[in-house]
Amino acid sequence: MGTSGESELKHAQLEKNLTLEEAVTELNPITGGMSDTSQLSAWESERPRTGLRNRRGLVELYGKPSEVLFAHQDGQSGVAQALHQAQGTLITRWADLVEAMTSVVAGARQHLVVTGSRSREKTYLHAIETAVAQNPDLVHTRVLYGPPRHLELAEHLVRLMGLREPAERRNGVRTLSIGLVDRGETLERFFVASESQTVVPLPSLHSADGFDCGIVLGGEAAAGLVRHGREACAAARLLGTIRDVRDLPVRHR
């Protein structure tokens, strides 16, 4: 572990005589991502775990093994604490799931992250549009895993682009980011998260079809999924214009 309570990850940055800005500038060409200084600073603390691709990039950048750089994230005490904090509320009805997801959207003030390409519940999508329209400081991130599966989602994305210009920034921050992950071997993720609460849909407890159940989590779990989504979007192909969105095929599956 580094000196003065610093993690080895932080110690490696200082040992290489890099500022946070310089470290991120060298990391992103290695990973092909768009990590920023706030993410790197968070990885250097004990709270969020660094994703696999960025772990590999940091190992290459600093020339130290993963088990050394990330020992502060992988300790068993940290895992036990995270599991304790992640206890949530189980939802087992579709109507309750939609209500909980809509509640997360309505309560978002700083960040709203949504992942997946299958959304089509009009009440839920309208709630997202309302939140974006009414709160100009809200940073909204949508991560698509492949093109939209339903026309409702494709139309929703076009309406979002009409509400905000992705190239614009407020207080120096991009407040609308829509990223497309080319599926390949990447598994699709489903969740909606604000800075304080998240809902993660689960496979149905009633049949082999659909995702009509879910779990509601708060605290570190919500903040962690916000980081997860923003990191995933930073590594995805950014859809920067309304034409980019209109040109997406709708897969209807």
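Arg-227 is found in helix α11, which spans residues 219-235, where helices (H or I, at least four residues) and strands (E, at least two) are DSSP runs numbered from the N terminus. This is a predicted model, in which local features need pLDDT of at least 70 and side-chain atom pairs count only at pLDDT 80 or more, while totals for chains, interfaces and linings use all residues. Residues are numbered from 1 along each chain as its sequence is written, and side-chain values use heavy atoms, with hydrogens and water left out.

Arg-227 has a relative accessible area of 28% and is therefore partly exposed; buried means under 20% relative accessible area, exposed means over 50%, and partly exposed lies in between, with a 1.4 Å probe and protein chains only. In sequence Arg-227 and Val-113 are 114 residues apart, yet their C-alpha atoms are 8.9 Å apart in space.

Strand β2 (residues 111-115) runs parallel to β3 and is joined to it by five bridges, the rule being that two strands pair if DSSP finds at least two bridges between them. Thr-115 has Val-143 in β3 as its bridge partner. Together with helix α9 (residues 122-134), β2 and β3 make a right-handed β-α-β unit; a crossover is right-handed if, with the strands pointing away from the viewer, the path from the first strand over the helix to the second runs clockwise. Strand β3 also pairs in the parallel sense with strand β6 (residues 176-181), over six bridges, and here Arg-142 stands opposite Ile-178 in β6.

How many of the residues of strand β3 (residues 139-145) are buried? Seven of the seven are, so the strand is largely enclosed by the rest of the structure. In a regular strand the side chains alternate between the two faces of the sheet. In β3, Val-139, Thr-141, Val-143 and Tyr-145 point one way and His-140, Arg-142 and Leu-144 the other way, and all are buried.

The count of salt bridges comes to 10, each being a side-chain nitrogen of Lys or Arg within 4 Å of a carboxyl oxygen of Asp or Glu. Three of them are listed here.

| Salt bridge | N to O distance |
|---|---|
| Lys-10 and Glu-44 | 3.7 Å |
| Glu-15 and Lys-64 | 3.0 Å |
| Glu-26 and Lys-16 | 4.0 Å |

Lys-10 forms its salt bridge with Glu-44 at 3.7 Å. Because Lys-10 lies in helix α1 (residues 8-15) and Glu-44 in the loop between α3 (37-43) and α4 (52-62), this pair ties together parts that are 34 residues apart in sequence. Glu-44 is buried, with a relative accessible area of 9%.

Glu-15 and Lys-64 meet through their side chains at 3.0 Å, linking helix α1 to the loop between α4 and α5 (66-69), 49 residues apart. Glu-15 counts as exposed at 52% relative accessibility, whereas Lys-64 counts as buried at 18%.

The C-alpha atoms fill a box of roughly 50 × 40 × 35 Å, taken along the principal axes.
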